[in-house]
Amino acid sequence: MNKIAIIIFSNLIYSPYYKLYTEILDNLGYEYDVIYCNRFPKTNETVDKNHIQIPWYDNNAKFNRIINFISFKEKVSKILKRNDYSKVIVLTTNPAILLSKVLIKKYNKKFLIDVRDFCQENLSLYRKLEERLFKHASVRIISSPGFKNFLPKEDYCVCHNLSSNIKFNELDKFHLTLNRNKRIKISYIGSIAYANQCKKIIDLVEKDDRFEMLFFGNETEGTIVSNYVKSKNNERISMMGPFLPTEKEKIYENTDMVFNCYGNDSDLLTYALSNKLYDGAFYKRPLLVSPNTLMQEISGKFAYSLDLSSSTNLDGLYNWYQNLNEKEYEEFAESLLKDSINETEQSKKTIKDAILN
């Protein structure tokens, strides 16, 4: 069977990076099955003939987490054993660990692992399983070079979290126009998490009428953030709700700063590079980040580092924004994107070679 399996541990809408692989396979003319967990049935995703849904039980019941993991392992293992896929692409580490037995036994050096998050690398048993599994992978892909700090010592390819609309010949399409005479709009754009950090920035904005705080997207932690916004009853702090991909450009155009201040209390937050790094650079909107993170290091002087655990006002942010240099920022943003695109293209070539050979 000259067919590829792509394994995803969530709904497709929450795993946009899988399109990196479907685009490669489409260009190569390969058939493929997309095997994914239907963790959020209300998303009403369109199921194509090559999509295989793995059912998921109530997300709110802790016991169901164990049942879901066991069910996923058994169902997907059967699919991998039954079908002689020429290659298997596993997106994120947890499903790869769950499927390690069949991957090593049947697909040795025929599977690719894509790492997007810090998982349970702090657990010695998990780390040992990961080290063994990674040795049998043909290619190991990471979304941030910082992940090398907690992953096994292996060779890795970096595929940055670049949105599909970021094109090399359009990097100068948008421009930074500083909003020096009106309220500065800070926007959280995307799946809304990190509720404690959100509460802290809300408290600071509430006390400072030079700023607005807007939240665009679905909440991933219940209604904690929306309830907190509602309790403030402040016209400068708003939940804008979910948005369509076609609305993203307009949201960025009406934003002055992009919120990516998630904290630094885990390896994921310390070493991850958010897609907001690239979207901010593309749409020419500076970022608000947390100190002592790779996001701060990569963004340099063109992002403002705010420690929400100790900050009592936004004076520093306001003054920093007023003194930004538009030309320097745009040159930096375009250079960052060019480097990221070039590195990703090199990694895509490695992926293609692994699929073909």
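Student: Which residue just after H1 takes a positive phi?

Tutor: Gly29 does, with a phi of about 80°. Before going further, note that this is a predicted model, in which local features need pLDDT of at least 70 and side-chain atom pairs count only at pLDDT 80 or more, while totals for chains, interfaces and linings use all residues. Residues are numbered from 1 along each chain as its sequence is written, and side-chain values use heavy atoms, with hydrogens and water left out.

Student: What makes a stretch a helix or a strand here?

Tutor: Both are DSSP runs, numbered from the N terminus: helices are H or I with at least four residues, strands are E with at least two. Helix H1, for instance, covers residues 19–28 and holds Thr22.

Student: Why is Thr22 called buried?

Tutor: Buried means under 20% relative accessible area, exposed means over 50%, and partly exposed is in between, computed with a 1.4 Å probe and protein chains only. Thr22 is at 9%, so the label is buried. Leu20, Tyr21, Ile24 and Leu25 are the other buried residues of H1.

Student: What do the buried residues of H1 pack against?

Tutor: Strands E1, E2, E4, E5 and E6, together with helix H13. Contact means heavy atoms within 4.5 Å. Thr22 itself touches Ile6 and Tyr32, if residues up to four places away in sequence are not counted.

Student: How do you know that Cys37 is in no disulfide?

Tutor: A disulfide needs a pair of cysteine sulfur atoms within 2.5 Å. The structure holds zero of them. For Cys37, the nearest cysteine sulfur is that of Cys119, 14 Å away. Cys37 is at 0% relative accessibility and therefore counts as buried.

Student: What makes the pair Asp33 and Lys3 a salt bridge?

Tutor: The term asks for a side-chain nitrogen of Lys or Arg within 4 Å of a carboxyl oxygen of Asp or Glu. The closest N and O atoms of Asp33 and Lys3 are 3.0 Å apart, and the pair qualifies. Asp33 lies in strand E2 and Lys3 in strand E1, so the bridge ties together parts that are 30 residues apart in sequence. By this rule the count comes to 17 salt bridges.

Student: What separates Arg127 from Glu131 in helix H5?

Tutor: About one helical turn, because the two are four residues apart in H5. An α-helix has 3.6 residues a turn, so residues three or four places apart point the same way. The side chains of Arg127 and Glu131 meet in a salt bridge at 3.3 Å, N to O. Arg127 is at 22% and therefore partly exposed; Glu131, at 33%, also counts as partly exposed.

Student: How do you know that Glu154 and Lys135 form a salt bridge?

Tutor: The N to O distance is 3.8 Å, and the limit is 4 Å. Lys135 counts as exposed at 52%, whereas Glu154 is partly exposed at 25%. Lys135, Arg140 and Glu154 are linked in a network of salt bridges.

Student: Why is H10 described as largely enclosed?

Tutor: Eight of its nine residues are buried, so the rest of the structure largely encloses H10. The cover includes E8, helix H8, strand E11, E12, helix H11 and H13. At the start of H10, a side-chain oxygen of Ser274 reaches to within 3.0 Å of the backbone nitrogen of Lys276.

Student: Which residue just after H10 takes a positive phi?

Tutor: Lys284, at about 60°, although this residue is not a glycine. Most residues other than glycine have a negative phi. Lys284 lies in the loop between helix H10 and strand E12, and at 0% relative accessibility counts as buried. Tyr194 likewise has a positive phi, of about 55°, without being a glycine; at 28%, Tyr194 is partly exposed.

Note on methods. Polar contact = N/O pair within 3.5 Å; in protein donor to acceptor, adjacent residues only side chain to side chain.
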